[in-house]
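I am opening a notebook on this structure and will set down what I looked up, entry by entry.

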Amino acid sequence: MASIGRLLVKDSVLLLCDMQEKFRPNIVHFTNILSNAARVLQACRILGIPPIVTEQYPRGLGPTVPELGASDLKPHEKTQFSMLTEGVERELQALGGPKKAILCGIETQACIACTTFDLLERGMEVHIVADAVSSRSQTDRLFALSRLRQSGAFLTTTEAVLLQLVQDAKHPNFKEIQKLLAHPSPDTELLSFFSSL
């Protein structure tokens, strides 16, 4: 049976791609994308889903921005577009080979796309948090999301991820997750993309 894309805490990993200082002025909706990714990271910490962070050429593009809330994580430096560097591969193996990846970050048509293709080729289920990924151009962002959807990735939103992971208001961590949903996710202009599908 084909996967329906049900997110579960078990066997999941959160991948946070290249949310760095030099991208701040150039990425469409950077502040809102970052806010959403930070909420996903907070939820994953509450639920025990391990996060992995990468930085693209940090000497030139700067460190991961502090607002993400990942300062305690050691980022994997890279020059390739895919997040699946040797260091990330080792970390995934140490985690027991997660089956599902939750993906946030930038840029959608480059590092998010290459990471998604690599993960799909190895048989992992990829859940792209569409309101937590972006690009320098909204056109590149939306066409990349369309392309990745065609390739078999699941497109989702910040709120959907958080609620799917707990699945029940009786979940022991539901109240903590509910606090993260006190305010709706900020708009990142995805409606134009979905109205054209």
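How many bridges join strand E4 to strand E5? Working from a predicted model, I found that six bridges join E4 (residues 100-106) to E5 (residues 125-134), and that the two strands run parallel. I then picked out isoleucine 102, whose bridge partner in E5 is histidine 127.

Next I looked at the sheet as a whole, which is open, has six strands in the order E3-E2-E1-E4-E5-E6, and shows parallel pairing. At its edges I noted strand E3 (76-78) and strand E6 (154-156), each of which pairs on one side only. From one strand to the next, the twist averages 25°.

I turned to the helices that pack on the sheet. Helix H3 (residues 86-94) touches strand E1 (12-17), strand E2 (51-56) and E3, and its direction makes about 180° with that of E2. Helix H6 (residues 158-166) touches E4, E5 and E6, with a direction at about 140° to that of E5.

For helix against helix, I looked up H4 (residues 108-121) and H5 (residues 138-151), which pack at an angle of about 10° with their axes 10 Å apart. Angles under 35 degrees count as roughly parallel, so I recorded H4 as roughly parallel to H5. Their contact has seven nonpolar, four polar and three charged residues; among them are Ile112 and Phe117 in H4, and Leu145 and Arg147 in H5.

My last entry concerns asparagine 36, which is found in helix H1 (residues 30-47). Asparagine 36 is buried, because its relative accessible area is 0%. Leaving aside neighbours within four places in sequence, I list its contacts as Asp131, Ala132, Thr158, Ser185, Pro186 and Thr188.

Notes: Residues numbered from 1 in each chain as written. Predicted model: local features only at pLDDT ≥ 70, side-chain atom pairs only at ≥ 80, totals over all residues. Heavy atoms only, no water. Axes fitted to C-alpha atoms, helices over the stretch in contact; angles between N-to-C directions. Helix = DSSP H or I, 4+ residues; strand = E, 2+ residues; numbered from the N terminus. Parallel < 35°, antiparallel > 145°, perpendicular 65-115°, else oblique. Contact = heavy atoms within 4.5 Å. Nonpolar A, V, L, I, M, F, W, Y, C, P; charged D, E, K, R; others polar. Buried < 20%, exposed > 50% of the residue type's maximum accessible area, 1.4 Å probe, protein only. Pairing = 2+ DSSP bridges.
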